[in-house]
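Please look through the sequence and the model below, and then read the report that follows with both of them in view.

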Amino acid sequence: MGAFIIGTQSEISLKSKDFLGIIFASLGALFYASVTVLGRYLRDIESSYLTFFQLFFAVLVLFPLVVALEGISASTYSLSVVGIIAIVHTAFALLIYMDGLKEVEANEAALLSYIDPLSAVIYAMLIFGEVPTVRTIIGGALILLASLLDLKMR
């Protein structure tokens, strides 16, 4: 709910790109949660295999989109940036995450992921000087409150 409040700064309508972004982010969160849960049940499988197959299936799902958008052109620089993001921020980060899931409980990993949208707001404020709106502050407070309640329940 807190992330939803942070993300819906403008109108709530299917015509709003921000609202569609929230819907897609929510779907992404659903798949992220499934990776966390499945990662715990697949402890005996090597993290590198899990990472490879997850990224392989992502390519299979996204490849038709790339083919459909045949008008896409990219410079050497942009392809190198995408390559760095793909290797460091996706493949390597996922490999470390899968290894980490073997050491912690799934609910502990989920608790840490709650803070992700809140940290994005804090970084935007510190790095770019963006001032959070009242709705953003309320959403962040709800995220912190949910995290604290989760910790108290243990």
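I115 has a relative accessible area of 37% and is therefore partly exposed, since a residue is called buried only under 20% and exposed only over 50%. In this predicted model, I115 has its place in helix 5, which covers residues 106–128. When residues up to four places away in sequence are not counted, I115 touches I143 and S147. With S147 the separation along the chain is 32 residues, while the C-alpha atoms of I115 and S147 are separated by 8.0 Å.

A second residue that can be described in the same way is G100, which is found in helix 4. Its relative accessibility is 30%, and G100 therefore counts as partly exposed. The C-alpha atoms of G100 and S47 are separated by 9.4 Å, although these two residues are 53 residues apart along the chain.

The two pairs can be set side by side in a table.

| Pair | Separation along the chain | C-alpha separation |
|---|---|---|
| I115 and S147 | 32 residues | 8.0 Å |
| G100 and S47 | 53 residues | 9.4 Å |

The next topic is the packing of two helices. Helix 3, made of residues 47–68, packs with helix 4, made of residues 76–101, at an angle of about 135°, and their axes are 9 Å apart. Why is the word oblique used for helix 3 and helix 4? Angles over 145 degrees count as roughly antiparallel and those from 65 to 115 as roughly perpendicular, while those under 35 are roughly parallel and the rest oblique; at about 135°, helix 3 and helix 4 are therefore oblique to each other. The crossing of these two helices is right-handed. On the side of helix 3 the contact is made by S47, S48, L50, T51, Q54 and L55, and on the side of helix 4 by T90, A91, L94, L95, M98 and D99.

Some values describe the protein as a whole. The protein has six helices and zero strands, and from the N terminus on its elements run α-α-α-α-α-α. Of the 154 residues in the protein, 19% are buried. The accessible surface of the protein comes to about 11,400 Å², and 74% of this surface belongs to carbon and sulfur atoms. Among the contacts between residues at least 6 apart in sequence, 75% join residues that are at least 24 apart.

Methods: Residues are numbered from 1 along each chain as its sequence is written. This is a predicted model: local features need pLDDT of at least 70, side-chain atom pairs count only at pLDDT 80 or more; totals for chains, interfaces and linings use all residues. Side-chain values use heavy atoms; hydrogens and water are left out. Axes are lines fitted to C-alpha atoms, for helices over the stretch in contact, and angles run from 0 to 180 degrees between N-to-C directions. Helices (H or I, at least four residues) and strands (E, at least two) are DSSP runs, numbered from the N terminus. A crossing is left-handed if the near helix is turned anticlockwise from the far one by less than a right angle, and right-handed if clockwise. Contact means heavy atoms within 4.5 Å. Buried means under 20% relative accessible area, exposed over 50%, partly exposed in between (1.4 Å probe, protein chains only). Accessible areas come from the Shrake-Rupley method with a 1.4 Å probe; for residues, only the protein chains shown count as cover.
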